Every structure is written in structure tokens, then in C-alpha cells.
Amino acid sequence: MDFFLNDEHRLLEQSVREWGAREVAPHIKELDRAHRFDPRILPQMASMGLLGVCVPAAYGGAGMDYLSLGLASEELEYVDTSLRVILSVHVGLNCLSLLTWGSEDQKQRYLVPQAQGQKIATFGLTEPAAGSDVRGLQSVAIRKGDRYILTGEKMWISLADVADHFLVVAWSDLEKKRQRDPSGLTAFLVERAFKGFSSGTIKEKWGILAGNTGYFKMDEVEVPVENVLGRPGEGFKIAMFALDQGRYTVAAGATGLIRACRDASATYALERKTFGVPIAEHQLVKEMIAQMESDYQVSRLLWLRSGWLKNAGDRNTRETSLAKWFSTVASERAAGNAVQVHGANGYSDDYPVGRFYRNCKGAVIYEGTREVHALMQADYVLGYRVDRPTRCELPPVADGGSEA
Ligand SMILES: Cc1cc2nc3c(=O)[nH]c(=O)nc-3n(C[C@H](O)[C@H](O)[C@H](O)COP(=O)(O)OP(=O)(O)OC[C@H]3O[C@@H](n4cnc5c(N)ncnc54)[C@H](O)[C@@H]3O)c2cc1C
């Protein structure tokens, strides 16, 4: 295993870091307070190639590798979780599913404009009555001639009110729906422009306030059969595949949030004095900062391992789940301690750590809750869970990029 970052990786890391510090950090407090998603961020991310960072150049992407996707995720969440979420849903969940499971026609029609950043994409799995329990979905897709008629509602969808393209999972076999047999689920590529599609924003959210999270409804939306991703009945496998990629970005992002907590806490601890000395000199404060450092380093190694496995073309569901589980739980610990280090100042919006604290919690819930990942890890150890090859696997990348 080689975690060596090449010059291209370093350059990407540095340019995303500098862009975030220059273009986003000065405004993020106001955006967060105003619960406002700034759409100008998307063309800027597109111009840096981030919206297709690990998509091959042949499909409009920057042609970099999967480690680059992780590095960009870590740097984006260092500034604000809302930025990393864009990468998670657009690249991780949607573009990489299209790249792996899409037909050539689908790649030309959807992946190319997405990777170029002309169209924004997201992923609609969760519904009002079904999150962890994917078999509990209620959305249905009834085949009529050369179309499917989709009806249902998706809830808690990142970029729901912003995206143009939606990867949607629904039951296409009603008998299998009754039996909760996941081979009755199918994945569809749905456009906002399709008749019967409508969306809205969730206003009552208390974290990731500079990001858009919402719902969309499909009222007899007609989707052509050419827009079935993979084959009918492969929706569950595609959703699980998508989550392998999305979780990877969440893990790398949570790692960036831990680093942000560590840096803010170190700066504050060196400045703030109690009992005549900087609080950095109190051992119990040092302990919190040491915990952040160890959580940061372990989290980074875990997501790097996943990225390395992805580059090599090896199945990484188990490793990615562990990375996502560990780093998001650790980010909650880091953010809680960062507020603690800041005392009452941490309890206000004058310092960023309160925002980190609100933002980190989402990642402990989405893309597999803490409990779902704990169960997965136990089941791997106990031998209850074994990953079998799927019909399509994420294409490996050669050293230095995904030109092939
Ligand atoms: C900010 C945000 C953004 C999101 N973005 C997206 C998106 O873009 N696309 C999308 O499809 N979804 C998205 N989601 C939804 C997210 O994936 C779900 O919230 C998540 O899967 C959990 O589902 P749930 O909320 O229905 O909780 P539930 O599944 O109802 O779980 C509730 C609690 O019960 C626990 N639990 C459930 N089953 C078990 C079990 N078998 N054993 C032990 N404990 C269990 C859970 O761990 C949790 O603690 C987003 C959510 C948030 C908060």
C-alpha cells in the first residue's frame, strides 16, 4: 500500500485550500446565519474541475484519481460541510454511479454535462418513512410501453432544490415490494424538467445551514426506459454502490472537520489565558487537543486506505464503512471538545466551532447511521456479512489519473 501523494495531489490540495480560504471562509458565517446556499459556489467549483474531479477526461472530467476526490472532500469540509456535501452527492453518489453503471448514451447525456459542471446532480433514496430501511421505500415505477411512471416522495435530499439531475430508486416490481425483496428496486435518471416533478427546501434544519437540503415529489413522472440506470431490478445494488462512493467523501470530509476543530482549538488555547497562563498549558486542555490530533491522523489513514483500494480497483465496502463510521463519530467528539476548549465563546457564532458542532452531526446520520455502520463492522467480523462481486465495479485508475 502506498499513500504517497504526488505533485498533482499536492497541487489540488493546495488550490482547494487556498480557494476555500479566499472565496468562502470570509462569507461562511453570514451564509450560515442566513440559512443561505450561495449558488455562485457551483461555477467556481466547476472551473476548478472539482465537479468532475475523478471522472475520466473522456467524459468531461478532470481525469484525476479517487485519492483526489478524498483530498478535495477533506479540504472543502475544512471550510464548511456544505461544500463537501456538494461533492458527495454530485460526484460520489451520482457521477461515479453513472460512470460505473451507465450506458454510453447515458454517460454522454448526463455524465458529461455533470462532470463539466453544466448540470448539478444528486441522489434520492431516503423517503419520509424510510431511511436506514431501504426496503421500506414507497416510491413506485410502473412500466407503460417505453416509459416508467414514477410516483413518490423523497425526503432529506441534499441539493434537492438546486440539482438538475436526480438518481432515484423506486420499486418497479410491486409483488417484490410486498415481499420486501430488494431485487424489485430499480434506479432511474430523472430530470427536474420532467413533467410532474417538484421540489422544496427543508427550512427547519439546524446544521449545514449554508447547504441546500430538501425534498422532491414525483407525481406520475414519465421516465423513458433509456433512463433506467443499470438493469431493472439492480436499484438496490446501485444504491449500495453509490453509498460506497458517497461514504468515502463523507469520511474524508469528516477528517477535514476534525482538522478544522484541532486548528481552531490550538489557536484559541494559545491566546486565551486563565490562572495567569494560556489554557494550552493546562493538561486537561492538552488532552482534548491531543485527542483531536489522534482522531485526525487515524481518520486520514482510514480514508486514504479506501481511496487507495478504489484506485486499485479493489472492493472496499468494508474499509469505507469503517472509515466513515470512525471519522464521523470522531468528528462529533472533536467538535464537542472544540466548543469546550473555547468555553462560552465556543457557544456563540463569533467562533466557527459552534458551526462545526452543528454540522458534524449530519454525517453521523446520513450515508448509513452510526448504528448501521457498527452493525456492518460487527457482521464482517462475525462472518454474517460477505461482499460478493457485482456486475459492474468502479473502474480502477492508473497512477496519476483516470484517463482510461
Ligand atoms: C443533512 C442531511 C442530508 C441528507 N442527504 C441525503 C441525500 O442527499 N440523499 C438521500 O437519499 N438521503 C439523504 N439524507 C437522509 C439520510 O441518509 C437518512 O436520514 C439516514 O439514512 C437515516 O435514515 P432516517 O433518518 O430515516 O433514520 P432511521 O432509519 O429512522 O433511524 C432512526 C434511528 O434508529 C436507528 N436504527 C435504525 N435501524 C436500526 C437497526 N436495524 N439497528 C440499530 N439501530 C437502528 C438509526 O441508527 C437511528 O439512530 C440526508 C440526511 C441529512 C440529515
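**The ligand and its surroundings**

Mentor: Let us begin with one crossing of helices. Helix α9 passes helix α11 in a left-handed crossing. This is a predicted model, so keep that in mind throughout. The axes of α9 (residues 317-341) and α11 (residues 353-365) come within 9 Å. They cross at roughly 160°. An angle over 145 degrees counts as roughly antiparallel, so α9 is roughly antiparallel to α11.

Now look at who touches whom. On α9, the contact includes Thr-328, Val-329, Ser-331 and Glu-332. On α11, Phe-356, Tyr-357, Cys-360 and Lys-361 are among the residues taking part. By class, the residues of this contact divide into 10 nonpolar, 4 polar and 2 charged.

In total, 22 residues surround the ligand. The closest are Thr-126, Gly-131, Ser-132, Thr-369 and Glu-371. Find these five in the view. The shell holds 10 nonpolar, 9 polar and 3 charged residues.

Next, step back to the domains. The chain is assigned domain 1 (7-120), domain 2 (122-234) and domain 3 (236-382). Where is the ligand among them? Domains 2 and 3 both give residues to the shell, so the ligand lies between these two.

Domain 2 also has a contact with domain 1. The centres of domain 1 and domain 2, taken over C-alpha atoms, are separated by 23 Å. Domain 1 brings 26 residues to the contact, and domain 2 brings 18 residues. On the domain 1 side, α1 (7-33), α4 (81-101) and α5 (104-115) each supply at least two residues. Helix α4 gives the most, with 10 residues. That side of domain 1 has 11 nonpolar, 9 polar and 6 charged residues.

Finish with another helix pair. Helix α7 (residues 235-271) packs with helix α8 (residues 283-312) at an angle of about 155°. Their axes are 9 Å apart. That angle makes α7 roughly antiparallel to α8. Helix α7 passes α8 in a left-handed crossing. The contact of α7 with α8 has 15 nonpolar, 5 polar and 5 charged residues.

Technical notes:
Residues numbered from 1 in each chain as written. Predicted model: local features only at pLDDT ≥ 70, side-chain atom pairs only at ≥ 80, totals over all residues. Axes fitted to C-alpha atoms, helices over the stretch in contact; angles between N-to-C directions. Helix = DSSP H or I, 4+ residues; strand = E, 2+ residues; numbered from the N terminus. Parallel < 35°, antiparallel > 145°, perpendicular 65-115°, else oblique. Left-handed = near helix turned anticlockwise from the far one by under 90°. Contact = placed C-beta atoms within 7 Å. Nonpolar A, V, L, I, M, F, W, Y, C, P; charged D, E, K, R; others polar. Near = placed C-beta within 6 Å. Domains from an automatic or database assignment.
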